[in-house]
Amino acid sequence: MELGYAPKHVLIANRIREKILKGRIKVGERLKPDTELAAEYGVNKRTVANGMMILVEEGLIARAPGRGSEVLRREQVRRTSGAVGMFLYNSGHLYDTIAAEATMGLMRRGLYPVWVNQSLFSNVISSPEYASHIQRFMEQMLDDSPYGMIVDGDRFMPFDFLRRNVSRIRNLVFCDHFLYPKKIDGAKYVLIDRNAVGRKAAEYLYRRGHRHITFFPNAETPAASSAMRHPQSFIIDGMKEFCLEAGCRFNEQIPERLRHGEAAEKVLRDCFGKEDAPTGCLLLQDVKWVRELEPVLSAMGLSCPRDLSVIGCNNTPWSEEAHPRLTSVAMREKLMARRAIELLTGETDATEIAITPELVERESVMTR
């Protein structure tokens, strides 16, 4: 049976709901087994089960293992609001793209996003105590029966609250990061493989003849829990792992000093312009090169790529504005947003998706 173009589990629920409300399926009558419905609609059993859960939430049917689905009543008791809580960054070159793609994807499916104001995220980053405001926002939203939530699982998210309330949230998708020590049962995940970011950059520099490389991170604020690592730690791990396997050198002194808040100018003057200095590096952000690092190296009489080959991250417009233009690791944010929506609506049977980054080559890396 042809279903149409909306999420298949939603369309299945719509078809069966219509039959119940119009009396074509009577109160007390059992529905066909999931296997038969799956064959009838040309989908798998998981898709049918997801559709049946919509009808359970509306109070139209009851389901029990071994007994199947039984019609309880002809009127809907409860429906979700169609709102999707978007607890993601939503400003800046990278996140603007995610926000736009996710918003359009939800609207095409008859859902609507409720975005947390960006100023709240900015406050949380600078002052972790603001994290309690995010939890209060979530608590208030749950009272309105949302369709689900898409959450950036960064260190300041209230993971324990999400774990306790995953059944009330109904559809919970972690996007971009997940830094809690263990996965949450019932949640789904679409995450950037940051270890692959580090490995891909290190391998590229190695293939271009660089045997001593490093990483320029941001200074780190304390994590909400000692068990939660900063996202850039996974990039460093990837670079170190590749260097160990390839037999080249990863300079750990530079990222360690910068992570602990030491001034970038002092670190660069101490470590570059010497015979044993790194010849290639990866940056956490494209803009870090343009605004912070390149002016210092230029003042030292050093240039890119003659003295230092540079790879940026996120492939933002800053990479095009640099001189020379920066080779950069693209995080494929549009794909990440699309996959998050598909996980939210049950359009894929997957529960975990890893987004592998792509390297965009420009002129900032020299072959040695």
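Buried denotes under 20% relative accessible area, exposed over 50% and partly exposed the range in between, with a 1.4 Å probe and protein chains only. The model is predicted: local features need pLDDT of at least 70, side-chain atom pairs count only at pLDDT 80 or more, and totals for chains, interfaces and linings use all residues. Residues are numbered from 1 along each chain as its sequence is written, and side-chain values use heavy atoms, leaving out hydrogens and water.

View 1. Helices (H or I, at least four residues) and strands (E, at least two) are DSSP runs numbered from the N terminus. Ala 131, Ile 134, Met 138, Met 141 and Leu 142 are the buried residues of α6. Down the axis of α6 they fall within an arc of 100°, so they line one face of the helix; the arc is that of the directions from the helix axis to the C-beta atoms. An α-helix has 3.6 residues a turn, so residues three or four places apart point the same way.

**View 2. The largest nonpolar core and Val 190.** A nonpolar core is a set of buried Ala, Val, Leu, Ile, Met, Phe, Trp, Tyr and Cys residues joined through side-chain atoms within 4.5 Å. The largest has 44 residues, and Ile 150, Val 190 and Leu 282 have the most contacts inside it. Helix α15 (residues 333–345) gives the most to this core, with seven residues. Beyond its neighbours within four places in sequence, Val 190 is in contact (heavy atoms within 4.5 Å) with residues including Phe 174, Met 336, Leu 343 and Ile 355.

**View 3. The aromatic pair of Tyr 89 and Phe 156.** Rings of Phe, Tyr and Trp (its six-membered ring) pair if their centres lie within 6.5 Å; planes under 30 degrees apart count as stacked, over 60 as edge-to-face and the rest as tilted. With centres 6.4 Å apart and planes at 85°, the rings of Tyr 89 and Phe 156 are edge-to-face. Tyr 89 lies in the loop between β3 (83–87) and α4 (93–108), and Phe 156 in the loop between β5 (148–153) and α7 (159–164), 67 residues apart. Both Tyr 89 and Phe 156 are buried.

**View 4. The aromatic pair of Phe 216 and Phe 272.** Their ring centres are 6.0 Å apart and their planes at 75°, so this pair is edge-to-face. Phe 216 is buried, at 0% relative accessible area, and Phe 272 is buried at 4%.
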